[in-house]
Amino acid sequence: MPAAEVIWEENQQLKLENNLLKEQIAWLKQRLFGSGQSEKLDAAQLRLKLEDVERQLDGSASQSIAYERRASKAGKHELPAERFKDLPVEETVVIEPEEVAAEPESFEKIAEEETFEVDIHPPKLFKRRIVRLKYRRKANRSQPPVIAPAPSRVIEGGYASAGLLAWVTLGKYVQHMPLYRQEKASAMWGATISRKTMADWVETVAEWLKPIYHYMRADLLSGGYVQADETPVRYCDPDQKKGKTEQGWLWAISRPGGDVVFDWRLSRRYGELTSLLDGYQGLLQSDAYGAYESFASQSNTAEQTNVTLLGCMAHARRKFYEALKSHRREAELVLKLIGKLYACEADYRKEGLDPDDRQARRQDEQARILKWLKVTIRICQTRSLPQSALGKACAYALGQWSKLIAYLEHGVAEIDNNLQENAIRPSALGKKNFLFIGHPDAGQRSAIIYSIVVSCQRHGVNPFDYLRDVLTRLPNMTNQDDISPLAPSKWSLPTT
C-alpha cells in the first residue's frame, strides 16, 4: 500500500478517535455541570473521568461549556381569579367612599366593584383542652369514682396530637424540610419544639404506619404486575465511621393505579431485591439493571415461567436523545419511530381501552413500527463506533430488545417505567435538602413514610388529611380490624 494511503487512513482513524473523545467529554460535562436528570453520577468520579479523557486529547483546544436555559412552557397564562377560584372566602371587607360616609342621605347605591386578595393563616400551635369529668355515686360514696378513659393517642401520655405529628412528618417528607430547620421554625409557631423530640415523633409515626405499609406491599405482590426502580441515598452510621457517609438504596415497587412501596437496603445487590420481591410471580418491569435479570432467572424453572421481565422504552429513547449532538440524522430517525409508538399509547389512554383491547391494538398497529425500528437501529449500529453515544444507544436497545417489545403481549403493562421513576422523585428531592439519613435504622422509617405520602399524592389524597385521620384511628383499632380501608388507594375522608 502506498505511503500516502497509509498516512491518509491513519489520519482518518485519528480523526474518528478524536471526535469520539470530544463526544465523551461533552457527555461527561453535561452530567457534571447539570443534565437535569434526577439521578447523577458521583461528581468526584465524573471529574476524574473527565480529566482522563481530556488528557487523551493530547493538547486539543479547550472546549467551552454552554449552559442552556429551558424555554418557558407555551400556553395561556392562568389568571389569579381562575387559580384561586376554589379558595374559601373567610372575610369580606366593604369600603365606603369618604363622600358617602360624610353624607349618606345624598347618595344611592347603583353598583359595586369587587376584587380580592389572598391571605394565609401561618402555622400556629394551640392547645386543645381535654376535660374528663369525675363522678361518685350519691348512694354509696365508698365506691370508686367514675371517670371516662383518656383518649387513645399515638404517643400515650404525650402532648402531640395526630395533627401535629402529621405536620412535622410531612414537613420533612413532603416539604423536604429537615428537622433542625423545623426546630428553628417552631419558635414562630408559638413554642420551640426540639429536633430530638421531632425525631422521636417521626420514629413513632413510622411504627404505627407499619401495618398499612405491609398491607400495601402484599397487595402489590399479589397483583401480577409490578414496576420497580431504585435510587441511592447517603446515610451516616455513627457506630462505624464518625463523620463519614455511606451509600444506601431506596428500592421501590408499584403498579399503574396502585400504591407505591419503598424499601430501604444498604446495598444494590441481587439479594436485596430478592427480599423485597420474595415470592412474587408475574410481570416485572424495570430498567436493564442486572439484579432484576438475576431475580427472574432464579424465580423461573424449566417447567414454568414465574417472572416475565419487561423493559423500559423510555430508557432506550433517552440514550438516543443523548446521541443527538454527535449523530443527529441517525438519532432523529430512531426517535421519530419511537415517537410513533408513544403516539399510539396516548391514543389508547385517551380512548380508555381495557387491557385486552389495548393488547389487540398494539399488535395490530405497533408490531410493524417495532420491526422497522429494529432494522433502523441495526443500520445505525453499523455506522457508529461502539463507544460513541449512538453506538452505546444501539447496543442497549438491541441487547434489551426482547424485553422492550414484551409489552405487546401484555395489555396491562405500560410501554415504559416512567410512572415508577416519577414515583421515586420525591425521595430524590428530599435527599438534596437533608443530604443524608442520620442512621441506617432510620432508612426503613423513611421508606415507610415515603410509601404512604407518595401513594397519597398518586391517588390525589391530601397527605395531611390522610395522616391526621389515620393517626387518630389507629390507636383505637385492634388486631382483628381490617387495615385495608386505611391504604391510600382505598382511604376516603370520613364524612362525620
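Which residues touch the most other members of the largest nonpolar core? In this predicted model, where local features need pLDDT of at least 70, side-chain atom pairs count only at pLDDT 80 or more, and totals for chains, interfaces and linings use all residues, the answer is L209, I212, I253, F262, L277, L284 and Y466, out of 68 residues in that core. Residues are numbered from 1 along each chain as its sequence is written, and side-chain values use heavy atoms, with hydrogens and water left out.

A nonpolar core is here a set of buried Ala, Val, Leu, Ile, Met, Phe, Trp, Tyr and Cys residues joined through side-chain atoms within 4.5 Å. Buried stands for under 20% relative accessible area, exposed for over 50%, and partly exposed for what lies in between, with a 1.4 Å probe and protein chains only.

Of its 496 residues, 38% are buried. Among the contacts in the chain with a separation of 6 or more, 68% join residues 24 or more positions apart, contact meaning heavy atoms within 4.5 Å.

Helix α5 (residues 162-173) packs on α7 at an angle of about 95°, and their axes are 10 Å apart. Axes are lines fitted to C-alpha atoms, for helices over the stretch in contact, and angles run from 0 to 180 degrees between N-to-C directions. Angles under 35 degrees count as roughly parallel, over 145 as roughly antiparallel, 65 to 115 as roughly perpendicular and the rest as oblique; α5 and α7 are therefore roughly perpendicular to each other. L164, L165, V168, T169 and Y173 of α5 meet M198, W201, V202 and V205 of α7. This contact has eight nonpolar residues, one polar and no charged, where Ala, Val, Leu, Ile, Met, Phe, Trp, Tyr, Cys and Pro count as nonpolar, Asp, Glu, Lys and Arg as charged, and the others, Gly among them, as polar.

For helices α11 (residues 328-351) and α12 (residues 355-365), the axes come within 11 Å and cross at roughly 150°, and the two are therefore roughly antiparallel. On the α11 side C344, E345, Y348 and E351 take part, meeting R358, R361, R362 and E365 of α12. By class, the residues of this contact divide into two nonpolar, no polar and six charged.

Helix α10 (residues 313-322) has M313, A314, H315, A316 and F320 buried. Their cover includes α11, α13 (367-382), α14 (389-399), α15 (401-404) and α16 (418-423).

Two loop residues complete the picture. S152 lies in the loop between β2 (146-147) and α5 and, at 35% relative accessibility, counts as partly exposed. Its C-alpha atom is separated by 9.0 Å from that of R473, 321 residues apart along the chain. Leaving aside residues up to four places away in sequence, S152 touches P475 and N476. H176, in the loop between α5 and α6 (179-189), counts as buried at 12% relative accessibility. Phi of H176 is near 60°, a positive value in a residue other than glycine. Most residues other than glycine have a negative phi.

Notes
Helices (H or I, at least four residues) and strands (E, at least two) are DSSP runs, numbered from the N terminus.
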